[in-house]
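Work through the exercises below. Try each task before you read its solution.

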Amino acid sequence: MKIKAVFKKVLMSFTTVLCAVLLTFFLLRLTPGSAIDGLARQLAQTNGITLEAAYERVAKMVNYDPREPLHKQLIRYVNELLHGNLGTSMIYQTVTVNEIVAKALPWTVFVLSISLLISFLIGIQLGTRMAWKRNSILEPIVSIYATITSAVPGFIIAILLLVIFAYNLNWFPYNGAYDIDVTPGFNLPFLWSVLKHAFLPILTYVITSIGGWALAMKGSAISVLGEDYVNAAYARGLSDRTIMKNYVRRNALLPLITSLAMNFGFMISGSALIENIFSYPGMGYYIAQASSQRDYTLMQGLLLVTATAVIIANLIADLIYSKLDPRVSIEE
């Protein structure tokens, strides 16, 4: 792998992060309303002062004034970013965005990583079987399933699971990341509580993702079945199991490697609704809270961290893919 090519990929990713910084900064400020308006009205009513005085006081308190020229806001924002400071939340006030990210990111990564791994493993197994036995009943069943789950929004499935398993059957908790009566740490009660609270969000992601992985693997495997090395394996008298495992599945997996990072990004983008439904304290939950209350500081911090994570994941996938498949050049 050429150092120049790797540097080019890293530079492109860094440029994309800069674009994400600018987009989140300007787009959020173009949206109408802000948390300051509501806080100012509340402060004016509580303290019996004018709305203008309350507005000035709140602006100083949250260190953000929407009436300040955009270029000055941008300079101040970039300067804070260079010092690793994402700002202070407007709605939580005394809590910094860095603290919220440090609290929420591990829960989101935990749920999405398990969901992605389970759905990917099940999906590639189903896709390989569908490609290998194209006239079996499995193909129409999985195809119909994938069509339905791709057409139905993920939050609808989340609501159904919540109503059935949390409210009606009372098998799983319906909010939080763990029970309040357990002590956080590496102990069995805490770990069991974490798994119970994460089960329904994980199940939602798995249900909505399996069909897509199965169809993608099927298409990739069918293209591999027509390759010369597969025909040569048949001519050598190798068993069907060996050909499917060592020749078809292994090579069909390669194009799906980059899809892993992209799918991770799609899952993060949909986590705002799903985590909010389950009141699961991940990145998506706080993005939904910040959006509903126009907390610009929190929104731009969370969106920037999310975008950066997706960009880094795509960069890693590109570099790994060029290593796994020698036929692909990183410069392409």
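**Exercise 1: two domains**

The centres of domain 1 and domain 2, taken over C-alpha atoms, lie 35 Å apart. Domain 1 spans 13–83 and domain 2 spans 100–324, with bounds from an automatic or database domain assignment. This is a predicted model: local features need pLDDT of at least 70, side-chain atom pairs count only at pLDDT 80 or more, and totals for chains, interfaces and linings use all residues. Residues are numbered from 1 along each chain as its sequence is written, and side-chain values use heavy atoms, leaving out hydrogens and water.

**Task.** Find how much area domain 1 and domain 2 bury between them.

**Solution.** 
- Step 1. Take the accessible area (1.4 Å probe) that the two parts lose on being put together, summed over both.
- Step 2. Now look at the side of domain 1 that touches domain 2: helix H1 (3–30) and helix H4 (70–82) each give two or more residues. Helices are DSSP runs (H or I, at least four residues), numbered from the N terminus.
- Step 3. H1 gives the most to this side, with nine residues.

**Exercise 2: a salt bridge**

**Task.** Which side chains meet in a salt bridge?

**Solution.** 
- Step 1. Look for a side-chain nitrogen of Lys or Arg within 4 Å of a carboxyl oxygen of Asp or Glu.
- Step 2. The structure holds one such bridge. Lys-218 and Glu-139 form this bridge, at 2.5 Å, N to O.
- Step 3. Check burial (under 20% relative accessible area, 1.4 Å probe, protein chains only). Lys-218 is buried at 16%. Glu-139 is buried at 16%.

How values were computed
Buried means under 20% relative accessible area, exposed over 50%, partly exposed in between (1.4 Å probe, protein chains only).
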